[in-house]
Amino acid sequence: MTTFENTEPVFEKDGVRLTVEDAVATVTLTNPAKRNAQTPALWRALTEAGRSLPGSVRVVILRGEGQSFSAGLDRQAFTPEGFDGEPSFLDMARGSDADLDALIAAYQEAFTWWRRNDVVSIAAVQGHAIGAGFQLALACDLRVVADDVRFAMRETSLGLVPDLTGTHPLVSLVGYARALEICATGRFVHADEAERIGLANIVVPAAELDAAAQDLSAALLAAPRAAVVETKALLRGAGERSYEEQRAAERAAQGRRLRDLAGLGD
């Protein structure tokens with residue numbers, strides 16, 4: 001079995017490393033000393049990693065080095081000076097609505113590409129996954145978690161809201177009432193609850209986390225790529241379509257697959 005350390009990086013910058021082994025890409029957060037705390041520079045690196053994926057990649061595994069997946073936003077963001085070369089929270093508050101919207105939208109790009117239809121993304125999550133870390137795990141299609149995982153959405157306790165694309169998948173996974181309770185209280189969600197309420201697909205001992213993510217990746221690669229891409233697109237759009245619209249989408253997708261299998265596709 002391939003390990004995550006023996007592949008030459010395709011991309012490595014600002015706490016993010018991208019490696020590719022055949023059809024599987026691995027994105028690793030590489031600042032364990034700070035529990036993979038997140039910064040705007042890291043978000044730009046994650047966005048660039050997504051743009052650097054070779055077309056051959058079908059599965060992307062997201063992981064964090066060390067004892068924690070990601071403890072959330074680097075606390076330096078809350079200081080008056082913020083990060084060197086970055087707008088502080090005070091600077092952001094003083095900007096126009098349009099400027100603030102554009103800045104947050106740029107940050108969100110790091111969290112959006114994981115759900116594109118041509119790849120299936122797996123977050124391998126251990127230890128802390130707090131705030132931005134929780135939202136990054138939620139950005140992925142699937143979550144394999146260690147039995148020591150602790151999810152929490154702490155933004156509201158800081159007077160903020162979750163704004164890194166986490167609210168939509170959270171509500172989709174656990175429902176509005178539970179999502180509100182998790183966000184408004186900021187409490188920890190541990191592994192057993194995460195699996196029970198649908199946040200986690202698989203829970204394993206921490207020592208088995210990487211192997212479990214790789215095993216899931218291999219299972220995903222067993223089916224033909226085009227069928228997985230079409231199925232993901234169908235499922236992602238199901239919540240926004242009526243029953244009849246979903247039936248029509250299924251027929252259209254199956255028609256494309258049958259024509260392709262018969263050699264009659266475009």
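This is a predicted model: local features need pLDDT of at least 70, side-chain atom pairs count only at pLDDT 80 or more; totals for chains, interfaces and linings use all residues.
Biologist: How are helix H1 and helix H3 oriented to each other: parallel, perpendicular or oblique?

Modeller: Let's start with the angle: H1 (residues 40-51) and H3 (residues 97-112) pack at about 50 degrees, with their axes 8 Å apart. Angles under 35 degrees would count as roughly parallel, and 65 to 115 as roughly perpendicular. The two helices, H1 and H3, are therefore oblique.

Biologist: Is the crossing of H1 and H3 left-handed or right-handed, and which residues make the contact?

Modeller: The crossing of H1 and H3 is left-handed. From H3, the contact uses Tyr107, Glu109, Ala110 and Phe111. On the H1 side it is made by Pro40, Trp43, Leu46 and Thr47.

Biologist: How do the residues of that contact divide into nonpolar, polar and charged?

Modeller: Tyr and Pro count as nonpolar here, and Glu counts as charged. With that in mind, the contact of H1 with H3 has 1 charged residue, 1 polar and 6 nonpolar.

Biologist: What is the bridge partner of glutamate 12 in E2?

Modeller: E1 and strand E2 (residues 16-21) run antiparallel and are joined by 4 bridges. For glutamate 12, the bridge partner in E2 is arginine 17.

Methods
Residues are numbered from 1 along each chain as its sequence is written. Side-chain values use heavy atoms; hydrogens and water are left out. Axes are lines fitted to C-alpha atoms, for helices over the stretch in contact, and angles run from 0 to 180 degrees between N-to-C directions. Angles under 35 degrees count as roughly parallel, over 145 as roughly antiparallel, 65 to 115 as roughly perpendicular and the rest as oblique. A crossing is left-handed if the near helix is turned anticlockwise from the far one by less than a right angle, and right-handed if clockwise. Contact means heavy atoms within 4.5 Å. Two strands pair if DSSP finds at least two bridges between them.
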